[in-house]
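Let us walk through this model piece by piece. Keep the sequence and the coordinates at hand.

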Amino acid sequence: MPRSALLLMLLALTATICGQSKGPDPGLVLTANREETGSFVAAHGKRAILMGYGGSGLEAWAYPFQLFRNYRIQFLLNGGTAAIDGAAILRRIEYHPEEIVRIYVGPDFEIHEHLFVPRDRPGVVITYEVTGRRAVEIKVGLLPVLNLMWPGAIGGQDLKWVPALHGYEISESTTGMRAIIASPQEIVHTDVVNSTRRQDLTQSMVLRPADGRGQLFAVLENSREPEGEELNFLESSFDSLAAEAVAHMEALLGSGIQLQTPDPAVNRAFAWSKIALDQAWVCNESIGCGEVAGYGPSRPERRPQYAWFFAGDGLVATEALLAEGEAASARDELAFIFRYQNPVNGMIWHEISQSANYVDWRDKYPYMYVHVDITFQFLATLADYYKATGDIGFVRAHWSGIEQAWGYCRSLVDPATALPRIPAGKEGGDEQDRMREDAGLSAAWVAASDGYRSLALAMGKSSEAQAAAHAHAAAERALAGRYWDRQKQFWIAGFAEDGHAMTDERSHPGLLGYGYISPAEEDAALQRLASAHFETDWGARGMSDSSPNYNPDAYAAGSVFAVNTADTAEAFWRDHRSAVAWEVWRSLLPGLELDSPGHLPEVLAGDVFHPQVESVPEQTWSSAGLVHSLVHGILGLNVNAPEHRLKLAPQLDPRWVDVSVRNVQVGGARVDAAIEQKPGEIDADLSVQGTPVNLHFAPQIPLGATRIRAILNGRPLAVRAKQYEQDEDAATEMELPPGEFLCRIIYTGGVRVLVSASHPELGAVSYGLKLTSLRLVGNRLTLDADVATPADASVRVETPWRIQTVQGGRIARQQGLWSTLTFADSSTTGEYEHRTMTVEFKRR
């Protein structure tokens, strides 16, 4: 088929699902071409999933049971003598929000394989649409399983062929469940034979498409129900279920905060991360509904990483749901976490397998109540939920559990240090290195004590709030003294079980940007974190490459986690280092195209751009981190619903002309903002509906800008300009009743710095410039960076000022207000070297 015809077919398919004509934005359809068809695929539902890699076959689950695995297809041509292996002619994969489409192109035929899972049914559907001049039959091979997710297991499965259903039925009497794998278009199948010699239990059937279409269904049924009832429902209701899935995605993408930037890659990243959080919402009949940690192919013993429940991951997801304006989903996740709080001591659980109802998960497995850090995070997230929503009813309904969680956290605090210790047999946030004291846990205690203080105040419990405030202040004072290494000017990780200090350089972005250390110490730590020792073209290492225990291929000793990269970018934004923050944040985007397009993997190697060997292709907290850092970092958006306050402090890409953010809920108000950047001015068109809002609008303006003034609807507005070392903002306060408003920030001069994004190829080492700091003193701008190659030794500067001299570099190009400056004496070895460049301006 000509390339142009394939392109037209792609465009036509972008808004379809098995013949349906409507769907989410066609621009969200992502494609893996022939050389990438080994990418991971997953079609998601709340109660089932169909997933796998092209080379290893698909597996299907209806929670908590695996229905089948090793699903592969062949094509039989009318008049042909040999089967054509599907993997050999797979040419393209399309990732739609509501389904996956795999496209096979053979001699005189083309087949579209639609992988689809209904929103709320325990089954999966695979549809084949055949076009071409030759009749084609599809031979399906798979291994029926009907067994529980790890660590559960059952035996005694009975497999048989049911002619009336045109399918295999596998049942097991102790659970009372059965799985049916069937096709109305089946014409022949392998017999189920109890043979001494046959050891391969793979079954197969041949589908003969009717009117160019064939379908295979796999469902989970309860033996108390009539045989085939769920199967018949899926077969007869397929079109309406497909339409429901499309409608759900349309509604999802139309709910919450609506973001539009000039960068399609950023818009897609936000939309797909929102989709990924929705796809992670799973319902298990015996456990409940909550966010699972991610999706990847099953490891041994039926462990589909990580399609079970983790409270810590759920809290990260909750923060992202709040950021994107999905308060109801955040509330549901918190309620699910509350459901399994330890009733004895108030501790929050770590993980729950989907087969937990079939085993003694709590008492015979060491996973449920092992991580002490999660209870601390839980209190902080609850406080964030209340601040974002003002939902005092939820706080009141769960106050007893909140008090229990607070009591558990306090029980771990050592009076001698005012900071928590990890009890024997328990863990902090690091599963690889057992600690007695953990810097990250101590920072979580600072946040938890402040969170409980705000919740207690909301409940009118002043004495409890005062006690929490004292604990918070004591922890803040103690944190740096316990964990800050004054000699190395960096944080230590903590203290091992034997008491020795763990001095490897860990990134610890959660310890930065909060004022725990002096400004000079903060500057030293952030410059170190911005260096090539931590930063790569695909994200931030969790441990610097100069640490003694650095191992780029280990899970947590120098590898690159997307969630850590997002947190690192936020730390730089918190400290008003926007140019560095943007460079770090953009390094997240290559991961969206790496393994499962639209989804971020769990962890990448620290030295070469590829997934770390244990990495899960769709990791929930990775997508959550992207959302959270975009909303709170780039947009600077923070809601305080109880006080009817909204903070909007955007730190935008200097190339962006306009950005809009709509449907921001602030208690009973809805706020829309359209921000326009142009030389010497930032305008914000504001709309308020519902109740009045106090708006703190503090956009970033060029560093060194002067003569700053603000105008609201044609009248002067008080503005406070504050220059930090690496950027500057102009802050205003507005009491806005319902209505339309135009706020203009006007300034003169200034400079903005931009580091171009790197686009690493799979298997490449990091080579992009790493900006470590910038300072403007008078008319002199000083730039410090780690540089690896002359080809990637440039930064871009936007300013109306004239450049007089450049030392340590040169002007490579000038166009309008933009200049490209290249560092001199760049490395020719590919190894990073530190460079400094100074630029003298003449102000106009």
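**Strands, then helices**

Strands β51 and β52 (residues 780-787) run antiparallel and are joined by seven bridges. Strands here are DSSP runs of E with at least two residues, helices are runs of H or I with at least four, and both are numbered from the N terminus. Two strands pair if DSSP finds at least two bridges between them.

The model is predicted: local features need pLDDT of at least 70, side-chain atom pairs count only at pLDDT 80 or more, and totals for chains, interfaces and linings use all residues. Residues are numbered from 1 along each chain as its sequence is written, and side-chain values use heavy atoms, with hydrogens and water left out.

Now widen the view to the sheet. Its four strands follow the order β51-β52-β57-β54. The sheet is open, and the pairing is antiparallel. β51 (770-777) and β54 (802-807) stand at the edges with a single partner strand each, so one side of each is left without a neighbour in the sheet. From one strand to the next, the twist averages 20 degrees.

Turn next to β10. Strand β9 (residues 109-116) pairs with β10 in the antiparallel sense over eight bridges. A hairpin of six residues joins β9 to β10. Histidine 114 has threonine 127 of β10 as its bridge partner. β10 also pairs with strand β17 (residues 213-222), in the antiparallel sense, over seven bridges. There, isoleucine 126 has leucine 216 of β17 as its bridge partner.

How many of the ten residues of strand β10 are buried? Seven are, so strand β10 (residues 123-132) is largely enclosed by the rest of the structure. Buried means under 20% relative accessible area, with exposed over 50% and partly exposed in between (1.4 Å probe, protein chains only).

The axes of helix α10 (residues 439-458) and helix α11 (residues 462-483) come within 8 Å and cross at roughly 160 degrees. Axes are lines fitted to C-alpha atoms, for helices over the stretch in contact, and angles run from 0 to 180 degrees between N-to-C directions. That crossing makes α10 roughly antiparallel to α11; angles over 145 degrees count as roughly antiparallel, under 35 as roughly parallel, 65 to 115 as roughly perpendicular and the rest as oblique.
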